[in-house]
Amino acid sequence: MTDGAADDVTAAEGGVGLARARHRAALERDAETAAARRALDDLLGQGLDSTQRMPRGGLLAFTGEPGTGKTTMLAEIRRLAGEGGCTVMSARGGEQEQSLAFHTVRQLLQPVLASCPPEERRELLGDWYGIVGPCVGLCPVQEGAGPDPQGAQDGLDWVVTHLAVQHGPLALFVDDAHWSDPESLSWLAAFAARIEELPVLLVLAYRADDLPPEMAAIDRLAGRQKLRPIPLAPLSPTAVSALVEDALGTTADDAFCREVWSVTGGNPFAAVELTATVREQGLSPVRENAARLRHLAATTAEHGVAERLNRMGNAAVRLAWAIAVLGTEATPNLAASVAALPSAEADDAVGLLRGERLLKVNGTLEFTHPLIGEAVYRAIPAAMRVALHGKAAWELVEAGRGPTAAARHLLETHPEGDPWVVEQLRQAAREYLRTAAPDAARRSLVRALREPPPDRLRATVLYELGRPAMLHDPAAAVNHLQAALAEPAQTPELHEGIIIRLARALAYGDRLSEALRLLEEEAARAPRSQVLLRLQAEQFMMAAFSSREQNDPARSRRLAQLAQRLTGRDATERYLYGLRAWDAMVRGEPAEVAVQFAEKALARGMNWTDEHWGFEVPALTALTFLHCDRPDRAEELCADGVAQFEAQGWRGAPLAFGYTCLAYIRFRRGLLPDAEDFARAGLRLAERVGPTAPVHWYAVGTLIEILLARGQARTAEELAGANRFCEPFPSAVTLPDARTVRGQLLLARGMAKEAADSLTEAGQRLDDSGMHNPGWCPWLPQLALACRGTDPQQAEELAQRAIKRAVRFGAASAVGRALHAAGRVAEGRESISRLRRAVSQLEESPAAYDLACARVDLGAALRRAGRPQEAAEHLYRGIEGAVACGADATAAQARDELAAAGLRPRRLGPDRVRDR
């Protein structure tokens, strides 16, 4: 779309000069133009002295009824922006192109990026080349899993920001934004929220009454800016009089001008069109001719456009219809082919349409105003319109434009059982999925299903239709996949894929029990050993996140027996090793057993972005290393996973989970400020996924634990309240366990009874599932602490159970934390003895924060026992550790204990602060 796009005033310019056109464009638009100039001044840093000149972006929105001058306003601001040295990028939404994903984004970015040499283009896109390039049509889609919608949006953010920095201030213009495609609008809404931080001005024009849901967010955002959406009102009688006299070049009677205003309602487009018709017919602007204006106005209205077309002959009508159907794809050759006109006849028709001020040529054929395009499209008889869309789809495929270009036309055709249509729509869906447009893929596949496909392909289409809805609408995915499963024509490979995807859709919809039953039933009748093994792997992976199944211990035994027979020869067997490692860890088997299987799982590496397996098993394997006191190995694996997510463009739930895992690893190592930073980054990403997603629970729970460790219980409580971190909790296992984290929070707030209730419920569910490792989920020692004030005997029994389980597991950090809790439950010499053992164990572990806490508690116990000198060394070292970890409350507790012992805290030097 060039800067010379048609506008409401210049549609009827004829021989009027540019200066006169600008004068007419500015009629009664002084306030709007002034607002635009202020926005451009902010963008260019003008009006400030050299020390204050800082470009600042913004959002400018114009609304109004059709023909009220929105396009004219944007054309004028484009001119001003270009004269000011801005890089101008323009797009227009199209009523017929709304189903074409990223259509508006392509118009904005493609001209600038495509004009760069290939090397410069790759440099501009950087690491985002393979993610953003296909979205904006600069490179073909890649094989394998594509980016997710959030990844594409983040990539577009980066590219536009980079362009703004490298090529000066950007001025982005989107006309008829209400007709933009949903993918483009979603990006524009997210980008507009941070636009003031960048040297970018976004200028939109839209009809306020026709806003799609994605546009509402932008409309609300514009309302919060200094300038609310600016409505363009109809022209006054005085302005219409000036317009008439300016266009006709002569004085006009007041009655004549008043009638022009009356019949057009002050609509600028209608007034200009009517005045142009008056000029063409040589009608004098006098009172006697005012009565003829209403009839002339009818020829410029929607039905009038159709009448004008019919007067030009059949060829002009057919070509105009073809252009209206093709929209922005209307090159002269394509339009002639769709209209079934020879080249010479098509050229003559173009001349006629231009002569009637209906068409202009800018490389493509384009109507002089969107209203004319609307009128022509609606004038096409319904049956002919459907046929033209079908012809357009065929011509676009033959011209090499690809299946997505054809798909938007095929969506407008009637089902006829055509296998070619089904195949084009399936190919379009695959491309859409690889360009982060799952909704567009879903629309194509729904239409393919209505065609309908041949019987042999129906199950395949239903299977493919289940994929786009897997994460954002699992209930819909379940329906499609169950329908696919009911189809008789299935290959063994397709059947296996349907089962696995259906199980995952059930799991994503919080129906884990159903997913497990489905996998068990299919495994019982699996025809081949390799299929059985794949189904078992999926079953064990689902079970890893289930805390409701009473037969989990039996399933664990089956997994252990199976893992002993495997050789690690393929991905299925290695993933089963990873699941066996996690299972051994959560159930509290010896840590060396879990590590042994985790290493086997990683013998040939694991791909975190494998679309057939997902990221869950690699993540569980990494966390197994963490809980087995191998945090360096865990962090190495998680960092690799995050890098893979970012490279693949998986910026939604997977990346949120990756950052949350890194936060939890840093937390367990005692690097609390780093952990908090990672956790907050993970939560920001999780919030974009949605508050009900599992990863949101993970991020909030992890951040609460970190805040509690830093002594910020009130902030943690506010975080929990803001994110509804309370009943009802998810039925699946969360990492960390949500009920246990809630119990820890209640305990930190002094609500021991409520904490005990929450921890008891968590423990019952996990114990029933055989998950006994207190190092992974510390509900048992935390419950002991919650009970110590009301039932010391029960607290002691709980503490001893925790120690027994931790010793069986054998990780020093788990044993140390259990002993620490037992020491806090006990009194006198027994408390000191247990705390000494806790410190000794924790010194052998990477758990620096837990070590600092145990040292401070040991020092406090020694101080209360009347042994201040012995207490001092533990308190001093506890302060050092707490400060190094960022545990401010623990450091403050140690200082209070030193003061109570009559000792002064030592000043910390760099050599005394340890970073574990």
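This is a predicted model: local features need pLDDT of at least 70, side-chain atom pairs count only at pLDDT 80 or more; totals for chains, interfaces and linings use all residues.
Residues are numbered from 1 along each chain as its sequence is written, and side-chain values use heavy atoms, with hydrogens and water left out.

Reader: Which residue of strand 3 is the bridge partner of Arg-92?
Author: Strands are DSSP runs of E, at least two residues, numbered from the N terminus, and two strands pair if DSSP finds at least two bridges between them. Strand 2 (residues 87–92) runs parallel to strand 3 (residues 170–175), with 6 bridges joining them. Within strand 3, the partner of Arg-92 is Asp-175.

Reader: How many disulfides does a search of the whole structure find?
Author: A disulfide is a pair of cysteine sulfur atoms within 2.5 Å. The sulfur of Cys-135 lies 8.9 Å from the closest cysteine sulfur, in Cys-139, so that is too far for a bond. For Cys-638 the closest cysteine sulfur, in Cys-661, is 4.5 Å away, again too far for a bond. Across the whole structure, the number of disulfides found is 0.

Reader: Is Cys-638 buried or exposed?
Author: Good one! Buried means under 20% relative accessible area, exposed over 50%, and partly exposed in between, using a 1.4 Å probe and protein chains only. The relative accessible area of Cys-638 is 1%, so Cys-638 is buried.

Methods
Helices (H or I, at least four residues) and strands (E, at least two) are DSSP runs, numbered from the N terminus.
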